[in-house]
Amino acid sequence: MVTEGQDRVAALQARNAELQRLLETARQSLGEMREKLAEASAPPQTFATFVQWSGEHADVISGGRRLRVAVLPGVPRDLTPGDEVLMNAMSVVVGVAEAEKVGQSALVREVLDDDRVLVVARGEDERVVMLTGGDARQRLTEGDTVIIDARTGFATERVDRTGVEALLLEEVPDVDFDSIGGLTAQIERIRDAIELPLRHPDLYREHRLNPPRGLLLYGPPGCGKTLIAKAVAHSLADAVGADRSYFLSVKGPELLNKYVGETERYIRTIFERARAKAHSGAPVVVFFDEMEALFRSRGTGVSSDMETTIVPQLLTELDGVEQLGNVIVIGASNREDMIDPAILRPGRLDVKIEISRPDAASARDIFSKYLTADLPLSASAMERGRGDAQAAVRELAEHAVDRLYADPANKAHMSGALVRNVVDRAKTLAIKSVITGGERGITAEHLERACEQELAEARAVAASTLREG
């Protein structure tokens, strides 16, 4: 009997413990359901942008309004301008939210100080916006693209527009006019057209003479059109006394896009970038290479007639550049006859300069830029120069020019690029000679062999082009 009673007591105790456990579980589930019900019935929280601390309160922007609100004790005090916060129904900051990754794009026209930038969006709509403490501050310069929140006035992030940036080569040119040979007359005319208005603006105003806004360099390939454009950008910085200049090189054929309106958008972006750079006072050169590939004469029926919209877009931008005295548009073309006449009329690309093939005197000048006295010269070359390195390189250059122009028909193949290749080939032959145990230094024979090889390749290319034509 005693044992049976003890077993019954133990069973009742176990049952009681199980009931207590079930009761505790039910109590916890009920508490969780109450919490979820409270959360579900709670009013929505509002997103706001933090501006600054004001004592124990915070200044925020919500729905386009600037408010000074209370902050719960648990909210971090390391908030920076531009951070997203959450407010409850009583307009009290209760937490921190993740920032938005979307917004309106704008182009930085000027960096005003460490906290503010002047941007342009939607055409020419300028406004000053604040920088957040994040990525937008990192190396932000004129011409960069940023995401702005028009409601709060903050620039939240810097973005790379790869679709356009890939078409632009922005650099600080290190080429000056002294490093270009054989184009003295053309360089003088270019400097008169571009540098004189910048160096003597009072005289131009006195004579009521408007400076040219652009120029066209035309002629055979390899004769120095791109070098001249870079030298213009380099010299403009000296003319206006700026610390630097910008050379925006546009890869012409890559600007074409099969989607309607994309090429026009690229052109607008290029000139937006130029205006943003020029706004700081730095001179800007916008260089269009292979211009005939983009801006053919309208109505010719040669292509798909894309130029009927591309050419007017360029004309609009060229007319807008007139308001900026430190932006120069330079076009280069091998077929200037294919460019739309409206682009070449006075007031746009009104200065037209032919970059022709070099004659013998110009070739000597070009040789002097690449075949210099500081190069290793052979003993035989120094002997021809009577021990003077300067005289030796002049003799070598004269020998090469005589070989290149021995046949008058060779002038049809001559270019500055060919002359440079001759010098490079001669250097390669001199290096191979040293490796094989021959005489050290450049010889007249090296230059002569280089001339023969370059002329042979030029003739082969010309013959191939003639057969295909």
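Colleague: Leaving aside neighbours within four places in sequence, which residues is His446 in contact with?
Modeller: This is a predicted model. His446 has its place in helix α13, residues 444–468. Neighbours within four places in sequence are left aside here. The contacts of His446 are then Ala426, Leu429, Ala430, Ser433 and Gly441.

Colleague: Is His446 buried or exposed?
Modeller: Take its relative accessibility, which is 8%. Buried means under 20%. His446 therefore counts as buried.

Colleague: How many of the residues of the protein, in percent, count as buried?
Modeller: The protein has 469 residues. The cut-off is again under 20% relative accessible area. The share that counts as buried is 42%.

Colleague: Are α9 and α11 oblique or roughly parallel to each other?
Modeller: Helix α9 covers residues 360–370, and helix α11 covers residues 389–404. Their axes come within 10 Å and cross at roughly 140 degrees. Roughly parallel needs an angle under 35 degrees, and roughly antiparallel one over 145. α9 and α11 are therefore oblique.

Colleague: Is the crossing of α9 and α11 left-handed or right-handed?
Modeller: Look at how α9 passes α11. The crossing is right-handed.

Notes. Residues numbered from 1 in each chain as written. Predicted model: local features only at pLDDT ≥ 70, side-chain atom pairs only at ≥ 80, totals over all residues. Heavy atoms only, no water. Buried < 20%, exposed > 50% of the residue type's maximum accessible area, 1.4 Å probe, protein only. Helix = DSSP H or I, 4+ residues; strand = E, 2+ residues; numbered from the N terminus. Contact = heavy atoms within 4.5 Å. Axes fitted to C-alpha atoms, helices over the stretch in contact; angles between N-to-C directions. Parallel < 35°, antiparallel > 145°, perpendicular 65-115°, else oblique. Left-handed = near helix turned anticlockwise from the far one by under 90°.
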